Amino acid sequence: MKNLTSLTIKEALAGLKKKDFSAVDLTEAHIKATEAARHLNCYILETFDIARKQAAASDARYAKGEARLLDGIPIAMKDLFCTEGVQTTAASNILKGFKPPYESTVSGNMFRDGAVMLGKANLDEFAMGSANITSAYGNVINPWKRKSDDKPLVPGGSSGGSAAAVAARIAMGATGTDTGGSIRQPASFCGISGIKPTYGRCSRFGIVAFASSLDQAGPFARSAEDCALLLQSMAGYDSKDSTSVNCPVPDYASTIAQGVKGLKVGVPKEYRIDGTNPEILKLWERGVEMLKDAGAEIVDVSLPYTKYALQTYYVIAPAECSSNLARYDGVRFGQRVEGDNLIDTYEKTRAAGFGKEVKRRILIGTYVLSAGYYDAYYNKARRVRKLIWQDFIEAYKKCDLLLTPTAPTAAFAIGENMQDPVTMYLNDVFTIPASMAGMPGMSVPVGLSADGLPLGLQLLGKPFDEATIFRAAQAIEKAANFTALPQLAQARAA
Amino acid sequence: MSIDKNTVKKVARLARIRISDDEVDVLSGELSKILAMIGQLNEVKTDGVEPMTSVIEMQMPEREDKVTDGGIPEKILANAPEQTAGFFVVPKVVE
Amino acid sequence: MAHALLKGETGDWEIVIGLEIHAQVLTKSKLFSGASADFGGAPNAHVSPVDAGMPGMLPVINKKCVESAVKTGLGLNAQINKYSVFERKNYFYPDLPQGYQISQYAHPIVGNGEIEIDLADGSSKIVGIERLHLEQDAGKSLHDQHPTKSYLDLNRSGNPLMEIVSKPDMNSAEEAAAYVTKIRAILRYLGTCDGNMDEGSMRCDVNVSVRKPGAALGTRCEIKNVNSIRFVAQAIECEAKRQIEVIEGGDKIVQETRLFDTKAGTTRAMRSKEEAHDYRYFPDPDLLPLKLEQDFIDAIKKTLPELPDAKKYRFMKDYGLSVADASTLISEKSRADYFEAAVKGNDAKLTANWVLTELLGALNRAEKDLGDSPVSATQLGGLVALISDNTISGRIAKEVFAEMFATGKNAAAIVEEKGLRQVSDTGAIEKIVDDVLKNNPDKIAEYKSGKDKLFGFFVGQVLKQSGGKANPGMVNELLKSKLDKA
């Protein structure tokens, strides 16, 4: 029998059903693996006690023949999802010790379906970052190493802990959130799959907000089919979120193997931007060939406003975050630093509670919304956003899907790309346009760089058509046959 | 377009974040770089384009007027840094 | 009515007043959460995690609030906007848990309208409505519980408010008071707000400026949170005087927010509002634009009750009441309803008098509301009927009313019980008249010699001997003929 931690979710569910092993066995194997991989710093809080209880409950359901969609599957929960009675920090000092008196809808859905929570996964503070180096609880280390040196690499961000845990085979799947690429980019950096569904597909209720008009929850896993299973559980209408869309969630697994024959896949020329690693451009061409070989028709499309998406994002996301993060004032929850008076207390609390990147974004957001700059920045960005959205609507008249690179580079070392904030922001240049338009997008691992690091490609779909993305993702998966393992998981497999 | 030190201080005050003089210098540079980047939006012609807030095009959902929440003061107060007799407590506010 | 001008050292001044009324929508739950919107409760008991601004909590709008805003807009004869947007007004304050108030700014749900206000001299005036929008209430800070701390109760946080903004169309404290009275009446008629100013479910912010008649608008000051109609009038009087003194003293008015000190009868600048605000309004990305269908607005229109002004004109037309009586009757819906129940089959003016003078007077003295009146409308109607058909005199009626008020019994029963029926039997009255005349020969002589005033003395004596029950008209008639013959 295969090592329990290297199974896919689909394989594990089959094994559990056949009673090849128990949910407790599966959970214990992952707990053991997690303990051996603590140097990766994937978790802010391990919740093994909860996991063991949940696994035992799963076994009881298997015994009664009442197993649910994800019964007994150990996962990592991004610490941006509020979990009732369990510390939720958003990787910020300001929320240290905060125990929500409520459960996020997405985590609640997964628990309803029998998922087992191993821990609250590390992330960039308030999901602001692309390398998981802004967490108040330390950097997350990518389980992959490059050939050229032994430097610790970043897992991408903001859902870095989630992605690293799945890649390191210490969790079978994980939740993430994606505001400008926070699922897709770390999936690419860690050699796994991750999907940001259509805005409105998953409820935002109970997810610590970063930028409300962009935030979307989605899963990470090691196959397209596993992602589909996880999303099946996470997604669905929620009356507690006014932006949740009441659109039926199809049975993704039932259509995922249909292939791409007859589908039109658009290749947007604007994604061929200067400075992109030539290896990535080559990988992109390979991806196009794979889909063509599988029967898809390739069409050239144009998304002319792509080059302004990053700028638009860095107005809108900070503007919303500056307001969303105003509630962290040390009055009702979280950390407080006592001052001489109320304003002093506010200012000291927020100075000590927020990290540098969060402060930068709050300040930029405050600036672009303030009197005198509002039209020049905020309203301008909202207008450009409309144009970006129209680009997609136009493109989807010609094709069913778009194929692009996920990120302009492979994972980099901690300390690289950090000269200034703007360089770091360029990491999300391929993922942000779809975020601005609310379109679903998925990263699938396709190959390794010359330096031995995983590279992913991004599939973008029409609104609420994640099913078609999954079909194409599985087609690429089959063609790419990406079997490489990070060094850490190789060692365990050996 | 750049953000001078006074503007940084003003914005930090609006955002209720205390920043030291050293931080003001650094932030002024960083924020100016970000601003220079987003300033590229001025190249885009947006005449007649409606500003977009949400990509969702549906009707806003409404709920029935029913009491379905509340009545949990102990839970509401459970995470409070300071509380007394069911109240949150803050440094004195002068009106 | 002509503008009430204030005299200053440099001549006449005109006051310009605009009001912002915050009216809490009468609902069970809050604007964006399912917590109770009831007044009171243990601290933080009417609070959901949404109202406490906890991480990841999201607003979902209460349908009743949308309906009530539209209904109120229609009651204010205002434009209903089919497209409105909730925005965030960003500022830090402990009673504002989210760090922003969800309000409407560029696109309110209700636009321009107008209402008519009724003034004491019987005249009326049109006051423009600028807009009505929906917004969240803030929590409540208690500053007097601890020397260095403030206590915070979020029960009110997130309660639904309609902010009704007038145009600066008022020029006297009386007009402002009449405006608040009329708005409150409209809200109560519609049932969209209970109008209880002492519980804070209706609060006023008053904008006051002064100018020389015909000059451009002066700089205004905003007096926040005035919580009774009487205080609205007082605050305006003293703020206008203050402003005139400042200007005549050679200084300029600074635009600022002030508080009315009800004890001192003065206004003072609010310290906490000194810092210039930059609210950074932007559309709340947790909500979508509010779009209304014409069918929805039409359906609400159909449910509108008769509104105060329509009722006022109907009372004047159908009952022949004076504008003053009609205005006073319609100022409270319960009062108008009471009148209409009491007036059935009765003389309208007489009924109006009894409601406005005797009944309201007695209630006032007993510190009771009309709703708790021991005398029902039908009972008061019964009393009026007895006066009209001469069963009792007006004087006896007052006595009967006092008894009704004390015991809750019907007028007819009291009249029977106490034998208060008016005596209209000529023989019986004649006998008393004869007795009185027989006993007062000297007074008759004086009367005959020209002391006409003594006629009243004879009437008084007769009524007294009849125990007040003799029909006064018949007494007059008989006395006159007998004295002439004597």
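This is a predicted model: local features need pLDDT of at least 70, side-chain atom pairs count only at pLDDT 80 or more; totals for chains, interfaces and linings use all residues.
Residues are numbered from 1 along each chain as its sequence is written, while chains are lettered from A and ligands numbered from 1 in the order in which they are written.

**Confidence**
- For the complex, the predictor gives an ipTM of 0.97 and a pTM of 0.92.
- Chain C has a mean pLDDT of 92, with 98% of its residues at 70 or more; pLDDT is the predictor's confidence in each residue, from 0 to 100.

**Where B meets C**
- Chain B puts 33 residues in contact with 42 residues of chain C (contact: C-beta atoms, placed from the backbone, within 7 Å).
- On the chain B side, strand E1 (62-63), helix H3 (73-77) and strand E3 (87-91) each supply at least two residues; helices (H or I, at least four residues) and strands (E, at least two) are DSSP runs, numbered from the N terminus.
- E3(B) gives the largest share of that side, 5 residues.
- By class, the side of chain B that touches chain C has 16 nonpolar (Ala, Val, Leu, Ile, Met, Phe, Trp, Tyr, Cys and Pro), 8 polar (the others, Gly among them) and 9 charged (Asp, Glu, Lys and Arg) residues.

- An open, antiparallel sheet of 4 strands runs E2(B)-E3(B)-E10(C)-E9(C); strands pair if DSSP finds at least two bridges between them.
- Strand E2 (83-84) of chain B and strand E9 (140-142) of chain C are the edges, each with a single partner strand, so one side of each has no neighbour in the sheet.
- E3(B) and strand E10 (residues 149-153) of chain C are antiparallel and joined by 4 bridges, and B:Phe88 stands opposite C:Leu152.
- E1(B) runs parallel to strand E3 (residues 61-62) of chain C, with 2 bridges; B:Glu62 has C:Ile61 as its bridge partner.

**Strand E5 of chain A**
- From strand E5 (residues 193-196), A:Ser193 and A:Ile195 point one way, A:Gly194 and A:Lys196 the other, and all are buried (buried: 20 or more other C-beta atoms, placed from the backbone, within 10 Å of the residue's own).
- E5(A) is antiparallel to strand E6 (residues 216-221) of chain A, over 2 bridges, with A:Ala221 as bridge partner of A:Ser193.
- E5(A) also pairs antiparallel with strand E10 (residues 441-448) of chain A over 3 bridges, where A:Ile195 partners A:Met442.

How values were computed:
Two residues are in contact if their C-beta atoms, placed from the backbone, lie within 7 Å. A residue is buried if 20 or more other C-beta atoms lie within 10 Å of its own, exposed if 12 or fewer, and partly exposed in between; C-beta atoms are placed from the backbone.
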